Every structure is written in C-alpha cells, then in structure tokens.
Amino acid sequence: MKKTLLGILLLLSAHACRTPSATADRSQRPRNVILLIGDGMGLTQITAGYISNGMKLNLFQFPFVGLHKNFPVKRDGLITDSAAGATSFACGVKTYNAAIGVDADSLPVPTLVELAEQHRLATGVVATSSLVHATPGSFLAHAKHRNFFEEIALDIQDVDVDLLIGGGKKYFDRRADRQDLVEKMKARNYVAYNWVENEMAGLQPDPTKNFVFFTSDSEPVPASQGRDYLPGASALACDFLKKKGGDRGFFLMIEGSQIDWGGHANDSDYLVSEMI
C-alpha cells in the first residue's frame with residue numbers, strides 16, 4: 001500500500017503538470033508534489049469566492065479538475081469532518097469522524113508525509129491553522145481523536161518533517177506533561193522561529209537543517225484581521241524544499257484552513273475572504 005499511495009499521487013501530479021504522453025520517459029516527470037487544500041472548500045465556496053473576486057480565481061488556471069468523495073465510514077453517515085476527510089487523502093483509507101491518521105479501528109496508517117520521508121523526498125506542511133489542527137495533524141500524526149492536541153504535537157516532533165509553518169506553539173512548549181518539544185526539536189536539527197519575534201520576509205533557512213515557524217501561540221487570526229503569511233510561507237516552503245530535496249524532489253501540503261471556519265460561523269464575509 002505504501003508504494004501505491006505515494007505512486008498514485010505522483011502519477012496524478014505528473015498528469016496535471018504536463019501534456020499527457022505515453023512515450024514520456026521518467027526524466028520528464030515532475031519530481032515535486034504540492035497538494036493544496038482549502039478546508040471546507042466545496043463548489044459553493046468556490047463560486048462565492050469567484051463571484052466576489054470579480055469572476056476570477058487563480059485555481060481556475062489548473063488544467064485538470066476533479067471531485068472526490070471523502071465521506072467517513074458508513075456508521076458516521078455522509079457528513080465528514082476535517083479529520084476523517086484529511087485522513088482519507090493523507091492515508092488513503094476511510095475512517096470515522098475525528099480520526100487523525102488512523103483507520104476505522106483506530107489503528108495508525110502511514111501518511112503521505114511519512115511515505116515521502118521513506119522515499120527520501122523533502123517534506124513540508126503549511127497551514128493557516130495550528131499545526132495540531134485536523135488537516136495538518138492528519139498528515140503528521142496518529143491519534144484517536146482530533147482534540148488530543150498535545151498527543152498530536154508529540155507525534156509531529158517525532159516525524160522528522162523538514163518544514164512546518166503554522167500556529168499552535170503552546171501545544172509544543174507549555175504542555176501538561178511539562179515537556180518542551182520546541183527545545184527537543186532544536187536538539188534534532190530544527191531551527192525554530194516565532195512570528196512575534198521574527199518576520200518571514202527575507203528569511204533564507206539553512207537547507208541542511210529542518211525548519212519550523214510558529215505563526216501564533218494558538219490559532220492564527222483570520223485574514224480580515226491581518227493574517228497575511230500564507231503567500232510568503234508557500235513561496236518560502238517551495239524554495240526551501242527545492243534546495244533540500246534536490247534531485248529527489250519534495251512533497252508539500254499547503255492548507256487554507258479557515259474557509260471552513262467561515263462556513264461554521266455562517267459568516268459569508270469571513271468565508272469569502274479566506275477563499276480568496
């Protein structure tokens with residue numbers, strides 16, 4: 001399963017990034033995979049963003065478009081949550097709502113980040129939520145419930161992902177068990193930055209080390225309240241992982257997390273601003 005899951009994503013990326021050709025050899029295939037996730041971004045949210053943005057969205061530049069059914073296991077019905085939804089495409093299995101990187105029996109299953117690491121690709125995760133939130137957590141950790149934030153953080157510091165950008169610093173350095181995971185990560189070749197103390201612009205992280213940038217203590221604020229790091233973080237991540245991965249390539253997951261939060265709040269302005 002491990003080779004198949006990673007191979008499927010690489011194959012889909014290859015088809016989406018070049019003109020399909022049966023004669024193309026391996027040297028022509030893209031070596032990097034970037035998975036963009038808009039949490040809660042269905043056709044309704046896309047349409048709202050499209051209309052509100054003057055009938056244009058950059059995502060319409062993609063040459064291929066598809067839909068996928070990420071509903072949970074049957075006992076949970078048709079309505080999924082971010083944890084089961086993210087686990088379905090991070091791990092390739094259906095699971096129950098609130099599950100983080102585990103199957104319907106609560107058993108850990110390998111994630112795309114873990115598989116990419118095994119194949120010696122550079123790896124990264126960028127989110128506009130905390131790093132322990134449902135979507136990034138499902139790519140980085142294994143927990144029976146999405147609210148086990150400190151348990152998810154403990155898994156994250158173990159997975160050896162090359163780049164992490166998102167909120168949730170308090171789950172790493174002010175924990176009930178008194179462990180300081182940030183210091184442990186620094187001892188394991190990470191350089192850690194804090195949004196309060198450092199600006200992202202101009203940062204050129206050393207590709208011989210791993211990189212974590214905490215953008216907030218808990219959850220980042222909405223874009224309408226001044227959060228603007230996603231474009232810069234995405235560019236920094238691509239540049240860093242390209243250097244770190246070299247000829248082997250990289251896997252990067254980037255999530256626009258708060259589209260979903262605007263939907264939960266029934267706040268159309270919040271939803272649209274995050275969609276754009």
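In this document, helices (H or I, at least four residues) and strands (E, at least two) are DSSP runs, numbered from the N terminus. The structure is a predicted model, in which local features need pLDDT of at least 70 and side-chain atom pairs count only at pLDDT 80 or more, while totals for chains, interfaces and linings use all residues. Residues are numbered from 1 along each chain as its sequence is written, and side-chain values use heavy atoms, with hydrogens and water left out.

**Exercise 1. The chain as a whole**

Task: State how many helices and strands the protein chain has, and what share of its residues is buried.

Solution: Begin with the secondary structure, which comes to 11 helices and six strands. Next, take buried to mean under 20% relative accessible area, exposed over 50%, and partly exposed in between (1.4 Å probe, protein chains only). By that rule, 47% of the 276 residues of the protein chain count as buried. Finally, take contact to mean heavy atoms within 4.5 Å; among the contacts in the chain with a separation of 6 or more, 64% are made by residues 24 or more positions apart.

**Exercise 2. Helix α3 and A86**

Solution: A86 is found in helix α3, which spans residues 82–91. Just after α3, G92 takes a positive phi of about 80 degrees.

**Exercise 3. The largest nonpolar core**

Task: Identify which residues touch the most other members of the largest nonpolar core, and follow the contacts of L140 and V113.

Solution: A nonpolar core is a set of buried Ala, Val, Leu, Ile, Met, Phe, Trp, Tyr and Cys residues joined through side-chain atoms within 4.5 Å. The largest one has 36 residues, of which F139, L140, I156, L164, F172 and F251 touch the most other members. Helix α6 (residues 149–159) gives the most to this core, with four residues. Apart from it lies another core, of 17 residues, among them Y193, F213, L241 and F250.

Turn now to L140, which, leaving aside its neighbours within four places in sequence, is in contact with V113, V125, L131, D155, I156, V159, V161 and L164. V113 has its place in helix α4 (residues 112–118) and is buried because its relative accessibility is 0%. With residues up to four places away again not counted, V113 touches T123, V125, F139, L140, V161 and F251.

**Exercise 4. How α2 meets α11**

Task: Work out what angle α2 and α11 make, and which residues meet.

Solution: Axes are lines fitted to C-alpha atoms, for helices over the stretch in contact, and angles run from 0 to 180 degrees between N-to-C directions. Helix α2 (residues 43–52) and helix α11 (residues 268–275) pack at about 80 degrees, with their axes 9 Å apart. Angles under 35 degrees count as roughly parallel, over 145 as roughly antiparallel, 65 to 115 as roughly perpendicular and the rest as oblique, and α2 and α11 are therefore roughly perpendicular to each other. In the contact, Q45, I46, A48, G49 and S52 in α2 meet L271, V272 and M275 in α11.
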